[in-house]
Each structure stands twice: as C-alpha cells, then as structure tokens.
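Please examine the structure shown here before working through the solutions.

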Amino acid sequence: MAAPKTAETKSPRSDVDMGLLPDLMGFNLRCAQLTLFQHFGKTVGREGISPPQFGTLLLIEANPDISQSAVAEALRFDRSTLVQIIDRLEERGLVVRNVSPTDRRSHALRLTDKGTAALATLKNLALAHEADVAAGLSDAERADLIALLAKLHGGA
C-alpha cells in the first residue's frame, strides 16, 4: 500500500510534481542535510573548515590520543577519507599525529595549541549556526528531532 500523498507535492523551486518524494524520509533527510551543509559553509566554513573536519576536531578534543581508526569508525568514514581529513588538519597545524603509546602501528591524534584555539572559535560559530538553522523549532522540537535522527542511525 502506497503512502498517502502530502497536500503539497510541487517542488518549492519549480513546477515539477515531486510525486512520492516529499513523503520519503531519505529525500527529506537529504534536503535537510543540504540546507545544513550550505548554511555551515556560509558560517563556520568561512574559517576553511568542512563539516567532516569539524567533527574530527571535536572527537580529537574529547578523546586525546584517539586513533585514526577510532575516529573513522565513530564518524562512519572510510579510513582513506579520514587520512585525507587528518592530512589537511595537520598541514594547517591544527592536529598532530604521534606514535600511539599503546600500539606503535597506529597514530594517536591530538590537537595542537593552534587547533585548540581554532576549535574554540569554531564551536562558537557552530552553535550560532545550529541556532540559526533551528530558529523555526522550539527547544523541545529540536531535542525531538535530534533524538529521532539518532534513533534512525542507531545512535540512541
């Protein structure tokens, strides 16, 4: 049985009939993600940081000496993607790779002093970005949305 069509199936950007798309979680998640990433780029991204780089910095700050593998797993990146992210952060002097004290075959990641200072600025920008994109939601709606999204991706 097909899901009932919403009242508005026209694209907000054209006269294209969107069919079933507005009723699909994946389509709405993708549209929301694009909106969030575009806004991030105009705000936090002005500092030259992408969302994956920001997430990586946050994890390293919260988990000094975390391994690259653990970061990749936590953020659901493949290892080659994470290596490129760490390379960029290291080139900018924000992150340092050290030999792991527990496994000499892996790297332990830490923020540099420059990385710690930059992240403090980025966090403030990110909180303002979040407040701006969630301005149409109540605090309870925002909390519900985060809880529902976490439930969908297995983070709850």
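**Exercise 1.** Determine how helix α1 and helix α5 cross, and which residues make the contact.

Solution. Step 1: the axes of α1 (residues 25-42) and α5 (residues 113-133) come within 10 Å and cross at roughly 135°. Axes are lines fitted to C-alpha atoms, for helices over the stretch in contact, with angles from 0 to 180 degrees between N-to-C directions; helices are DSSP runs (H or I, at least four residues) numbered from the N terminus. The model is predicted, so local features need pLDDT of at least 70, side-chain atom pairs count only at pLDDT 80 or more, and totals for chains, interfaces and linings use all residues. Residues are numbered from 1 along each chain as its sequence is written, and side-chain values use heavy atoms, without hydrogens and water.

Step 1: α1 and α5 are therefore oblique to each other (under 35 degrees is roughly parallel, over 145 roughly antiparallel, 65 to 115 roughly perpendicular, the rest oblique).

Step 2: Leu 36, His 39 and Phe 40 of α1 make the contact with His 129, Asp 132 and Val 133 of α5 (heavy atoms within 4.5 Å).

**Exercise 2.** Describe the packing of helix α2 against helix α3.

Solution. Step 1: α2 (residues 51-62) and α3 (residues 68-75) pack at about 125°, their axes 11 Å apart.

Step 1: this pair is therefore oblique.

Step 2: on the α2 side, Pro 52, Gly 55, Thr 56 and Leu 59 meet Val 71, Ala 74 and Leu 75 of α3.

Key
Helices (H or I, at least four residues) and strands (E, at least two) are DSSP runs, numbered from the N terminus.
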